[in-house]
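Reader: I would like a close look at one part of this model, the packing of its helices and nonpolar core. Please take me through it in one go.

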Amino acid sequence: MIKVVLAGQPNSGKSTIFNVLSGVNQHVANYPGVTVDKKSATLKFQGEQFEIVDLPGTYSFSTYSLEEMVAKNFLLDEGTDVIVNVVDASNLRRNLYLTFQLLELGKPIVMILNMMDVAERRELEIDVDRLSEMLNIPIIETVGTKRGGKKKEILNAISRAGKITIAEPFKIDYMEFESFISKIEKMITYDSTISKRWLAIKALEADKVILDKVNIDKDTIKDMTSSIHAKHDLDVDQTFARVRYDSADVVYHKCVKEKNKNLDTLTAKADRIILNKWLAFPVLGFIIYLIYQLSIVWGYKLTNYTWPLLATLKNWVVTLLPPPDLHNVPMMTDFGIWMVNSAIALLNYVPIFFILFALIAILEDVGYMPRMAFILDRIFRKFGLHGQSTLPLVLGGAFVGGCAVPGIMATKGIADDRARLATILTVPYMNCLAKVPFYTLLLGAFFKEDMGLMMFFISTVTLFIALIVARLTTSTVLQNRETAPFIMELPPYHLPTFSGVLLRASQRVWLYIKKVMTIVLAVAVVLFVLLQFPGVSTEKKAEFSQQMNKALSQFDKKVQNNKYYTHVDEVSEVSALINLYDSYKAQRMLAGSKSAVASLDAAFLAKSPKLFPLVRPQDKEAKKVSKATRKLSKANKKLQIETKNEKITNSFLGMFGRALEPLTQYAGFDWRVNVAFLSSFAARESAVATLGSIYEKGKSNLSPEESLAQDGTYTPIHAASMLLFMILTPPCIATMVVVKLQTNSYRWMLFAIFFPTALGVVLSVLFFTLALKFNWSGVDMMRNFYLSAATLTFVLSLIKTKQSGWQVGKSQ
Amino acid sequence: MTQTTEATLYLCDLKQNQKGIIQHCAAQGMLKQKLLSMGFIPGAEITMLRNAPLRDPIEIGIHNCLVTIRRSEAALLKVEAA
Ligand SMILES: Nc1nc2c(ncn2[C@@H]2O[C@H](COP(=O)(O)OP(=O)(O)OP(=O)(O)O)[C@@H](O)[C@H]2O)c(=O)[nH]1
Ligand SMILES: [Mg+2]
């Protein structure tokens, strides 16, 4: 097997080439630092086995950042047979800087000269044969984004390169340093496939990893470098860098002709508008508006079409479950419905997420993301974040709504450790799309007139809160974390590829779906148990049964002289009739056209020839039965719901909610609200489902909004207090799991749970109490909360942090 | 930091579209490595392209690439106006 690693400078197209070779879909985007971990794939080609590893991009070989460490460990790995150096042809000189260091390693190298299309556009004429001759390596020109690529050619070159052994590796003349290099070379006893000279050079650069490897201690090197400094007044790092750049320059000038020196690139032209001092923010605002309009507004319209599909799915699952025996719903059925509801509530967002993530992918491909970091870095830095926090916050929902799971996953690339953790802790405050149904439920019930204004408050206050939290954490618990400088390449604009965008959007949506299918459903099981047990007391059960019997005897009285009486004179028959009636009604709601209704009718009739005519009556007598059935069905529904409520009231979660009441009452939450919030921990959607079902009184003509509003327990300030808590509410379980993954610590996970919860409780208690005291309306309360958050953010931005940004050495 | 001559310029002092040549890099450790590997070496030509809308960071052109860097770091690079 040939072991191959793909190395190269950031954004040169390594992952693109990796995907071409392996057929795997590794994340590709137009900004440096996309790949953070290595990814590998194996493939077979002409009877040979290849293992290919995609590495993070590195400009050079220092070991300061995580990506460089990952890349370096692989290149040093003895097992690596061939290094494939992916080079950005439009940027050859700088890319050669790394190429030289790879050549010095002494391993077989194949160069892939990628982005030839860009080089052509820039009117660069590259003499590839000459370059190949000068460096003594095979070179293949590619355009990675073009279909087909040059898979065969590349693999052939790799397989050929794997068979040669390098007698004398490439050599750069380091002039005054040569004597020291050979001195160290003699000190190295370490046996390796890597060139000794290379190890010596790195040792002279005081590279920790290498020093450990070759067993030379730091002081020896220090003595050497200071003696060089004394003798020649030369700094090792700077001189090495200069020598390498000079060599690159020589090669560059021999092999490349710039046909048009003063080419004003398209990128430069576009940047003059997009990054213009006055236009940058309006352009950003416009892009945000566009995303909002396309994904949220249109996406919701799209869900009108996808929802019936999900509802059909649900109905289908329900038909598989054991039917209820009058008001006694089997546990199995309850459970099934609960699980299906939990899943489809989340799946309902798939169209919105798809549009949203596709648009974000376009922004990533075009190259706007690093420019957004450029525009916003100043603001972010004031609060301890980093220009690179932009993408995670956007995915999390900073614009318009999103999901914290992909958001937190995207924090990996942030070089600044403090900002990375702060970003992980703030992404969950963004506008989780799943909170929207909860907001609309409460807004619809209590703030019909001010819905727009309230929604504006809710969705923008999150940014202030995130900034405040970031500032608080970075100046306290994260104070001592390492920071990193903000130096980032702004890549040239690219046209996004259709397949790339589609792929990336589907990958992120798939991540979301996986979350639904695994974590959320697992938690839904737990919640179900907590809500079902210990169950209804025997007395209550008897009471419900009695009520059911009364309803049954009423039904019986109405139909006993009917000609169809024989069809429904037994309880089991009545029970079947009710179930048939309910299931027909549910499916009828989804059947839009006349022909759909007709075929539905036919199907039902075929299945229950005896009872269906009573559900869909054709004659007078049947109509009578149908009418009585409707009444009985209603009574039955009411009892089912009462049973369910009784169960929740008695349940473990209910008890827990009641136990919290003494505290939460100050925020205006009674135990039922507590239960809703507790269950929202699984997935935010559950809050609505739970609240809705607690308030469902069986009056089916009332919407949940109406029944909440008419219930009379809550006033608008109660609702505002709930909204406030929901804004701050701790992230859902799925988010917690990714927080754990990304911080690699349970402590941060616990912090991410308890800090927002505490903040939410304190703030909702505070504002609820103030609202009571000063007679605020719900809107007043929300506005005052908004203004306080905005003011605090502003004040914090004025206070200088002691360690703002990157600590730098003094200049001479 | 001593202001020896009037001509002592730092990268952050360049005006829009002004060109300069790097003289010396006063950064240490990680920052130094990063700057060097991105081509900020003595003798390299750089162009100040623009400030961010909020003045910080700045965008510069170096070796045909566009690079953004914060002012606090740009203040470590001594340049000579070209
Ligand atoms: N025009 C053009 N674009 C390309 C070519 N190859 C790759 N790209 C694009 O360049 C960008 C960077 O590609 P990636 O494959 O993510 O680069 P990478 O080297 O893996 O980057 P890091 O993982 O950040 O080091 C993406 O937007 C690609 O679509 C090419 O040959 N021509
Ligand atoms: Mg990559």
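Author: Chain A, a predicted model, has 35 helices and nine strands. Its C-alpha trace spans about 115 × 65 × 50 Å along the principal axes. Of the 812 residues in chain A, 54% are buried. Among contacts between residues at least 6 apart in sequence, 75% join residues at least 24 apart.

Now the core. The largest nonpolar core holds 79 residues, and A:F353, A:F357, A:I360 and A:Y368 touch the most other members. Helix α15 of chain A, residues 350–366, supplies the largest share of this core, nine residues. Leaving aside residues up to four places away in sequence, A:F357 touches A:L395, A:P406, A:A505, A:R508 and A:V509. There is also a second, separate core of 61 residues, with A:A71, A:A89, A:I137 and A:Y174 among them. In soluble globular proteins, nonpolar side chains tend to be buried together.

Next, a pair of helices. The axes of α13 (residues 280–320) and α24 (residues 571–590), both of chain A, come within 10 Å and cross at roughly 160 degrees. Angles over 145 degrees count as roughly antiparallel, and α13(A) and α24(A) are therefore roughly antiparallel to each other. Their crossing is left-handed. On the α13(A) side the contact is made by A:P308, A:A311, A:T312, A:N315 and A:T319, and on the α24(A) side by A:A586, A:Q587 and A:L590. By class, this contact between α13(A) and α24(A) has four nonpolar residues, four polar residues and no charged ones.

Terms used
Residues numbered from 1 in each chain as written. Chains lettered and ligands numbered in written order. Predicted model: local features only at pLDDT ≥ 70, side-chain atom pairs only at ≥ 80, totals over all residues. Heavy atoms only, no water. Core = buried A, V, L, I, M, F, W, Y, C linked by side-chain atoms within 4.5 Å. Buried < 20%, exposed > 50% of the residue type's maximum accessible area, 1.4 Å probe, protein only. Helix = DSSP H or I, 4+ residues; strand = E, 2+ residues; numbered from the N terminus. Contact = heavy atoms within 4.5 Å. Axes fitted to C-alpha atoms, helices over the stretch in contact; angles between N-to-C directions. Parallel < 35°, antiparallel > 145°, perpendicular 65-115°, else oblique. Left-handed = near helix turned anticlockwise from the far one by under 90°. Nonpolar A, V, L, I, M, F, W, Y, C, P; charged D, E, K, R; others polar.
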